[in-house]
Amino acid sequence: MYDYDLLVVGSANADLVIGVERRPAAGETVLGGDLAVHPGGKGANQAVAAARLQARTALLARVGDDGHGRLLLDSLRAAGVDTVGVLVGGAPTGVALITVDPSGDNSIVVSPGANGRLRPEDVRTATSLFHASKVVSAQLEIPLETVVEVVRNLASGSRFVLNPSPPRELPAEVLAACDPLIVNEHEARVILGDARVGDDPADWARLLLAKGPRSVVVTLGARGALVCDGSRTALVPSVKVDAVDTTGAGDAFTAALAWRLGAGAGLAEAAAYAARVGAAAVTRRGAQESYPTAAEVEALGGDAR
């Protein structure tokens with residue numbers, strides 16, 4: 001019996017968000033709206049998104065002993081995330097600088113801070129969390145060597161989900177554990193190399209699968225997602241909504257997908273549910289504040305359980 005449906009290992013940031021009429025070009029300064037500070041970071045976002053869907057969720061992360069760290073801990077606990085694995089101190093809390101244009105598209109620069117101090121030894125110390133978790137999810141806003149240690153500490157029978165963001169070349173050991181590897185177009189192009197990538201997402205998925213993952217999901221924004229597990233490739237449509245802010249929507253998608261896979265759903269079924277979660281998230285501003293409950297996802301159509 002698992003204590004947790006999902007263990008997220010990853011980053012926790014304070015998101016400093018400014019709305020702009022358009023995002024600046026190189027060397028350009030533009031005026032924006034008032035600064036808003038939100039709890040974020042891909043790891044904390046995934047944990048909150050899963051907990052809002054009533055998944056039993058824990059987070060292994062590191063924050064600073066500062067106001068931003070307290071903001072994050074308060075948000076995690078309010079959502080129902082178990083923070084026993086959230087370590088405090090060693091560096092200031094990570095910060096993400098985010099600009100959002102009127103269409104909801106965003107640009108993000110991350111200062112890792114304490115996230116860069118989440119070390120392999122922290123993973124080894126948290127072995128009990130891994131043995132208590134049905135699914136483990138990670139991203140790349142923490143050191144790659146820490147993600148490698150996550151793979152090495154997976155419990156027998158658990159499932160590993162990776163969103164390689166920000167993207168970089170991945171060791172074969174990590175790729176082989178992914179089930180699935182979840183990428184958007186930019187991440188697919190970085191991992192595969194632009195020279196090998198055409199315009200067909202199905203080709204990206206097949207090329208990525210050949211690198212070792214057990215399954216691959218390519219997210220396509222408003223077009224939905226493409227799933228590939230070796231036996232078949234399928235396009236999962238999204239739900240049409242009026243997007244306000246896409247910040248953190250990919251994290252909500254990943255969390256929902258990981259949770260549904262752990263509950264026994266097939267890859268396409270889990271991706272369809274995750275697409276509804278992501279669609280609901282973009283209708284509100286912010287990252288964690290925008291994440292829907294199970295009832296709100298159900299209202300978009302389909303079974304929320």
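What is the handedness of the crossing of α1 and α2, left-handed or right-handed? The crossing of α1 and α2 is left-handed; a crossing has this hand if the near helix is turned anticlockwise from the far one by less than a right angle, and is right-handed if clockwise.

The model is a predicted one, in which local features need pLDDT of at least 70 and side-chain atom pairs count only at pLDDT 80 or more, while totals for chains, interfaces and linings use all residues. Residues are numbered from 1 along each chain as its sequence is written, and side-chain values use heavy atoms, with hydrogens and water left out.

**The sheet**

Nine strands form an open sheet with mixed pairing, in the order β5-β4-β1-β8-β9-β10-β11-β12-β13. Helices (H or I, at least four residues) and strands (E, at least two) are DSSP runs numbered from the N terminus, and two strands pair if DSSP finds at least two bridges between them. At the edges lie β5 (82-88) and β13 (233-236), each of which pairs on one side only. From one strand to the next the twist averages 15°; angles run from 0 to 180 degrees between N-to-C directions, and axes are lines fitted to C-alpha atoms, for helices over the stretch in contact.

Strand β4 (residues 57-63) runs parallel to β5 and is joined to it by five bridges. A61 has V86 in β5 as its bridge partner. Helix α9 (residues 249-262) packs on the sheet, where it touches β1 (4-9), β8 (133-138), β9 (159-162), β10 (178-183), β11 (216-219) and β12 (225-228). The direction of α9 makes about 160° with that of β10.

**Helix pairs**

| Helices | Angle | Distance between axes |
|---|---|---|
| α1 (residues 42-52) and α2 (residues 67-79) | about 20° | 8 Å |
| α7 (residues 185-192) and α8 (residues 201-209) | about 45° | 11 Å |

In α1, A44, A47, V48, A51 and R52 meet L72, S75, L76 and A79 of α2, contact meaning heavy atoms within 4.5 Å. Seven of the residues in this contact of α1 with α2 are nonpolar, one is polar and one is charged. Ala, Val, Leu, Ile, Met, Phe, Trp, Tyr, Cys and Pro count as nonpolar, Asp, Glu, Lys and Arg as charged, and the others, Gly among them, as polar.

For the second pair, the angle makes α7 oblique to α8, and α7 passes α8 in a left-handed crossing. E185, A188, R189, I191 and L192 of α7 make the contact with W204, L207 and L208 of α8. The residues of the contact of α7 with α8 comprise six nonpolar, no polar and two charged.

Methods
Angles under 35 degrees count as roughly parallel, over 145 as roughly antiparallel, 65 to 115 as roughly perpendicular and the rest as oblique.
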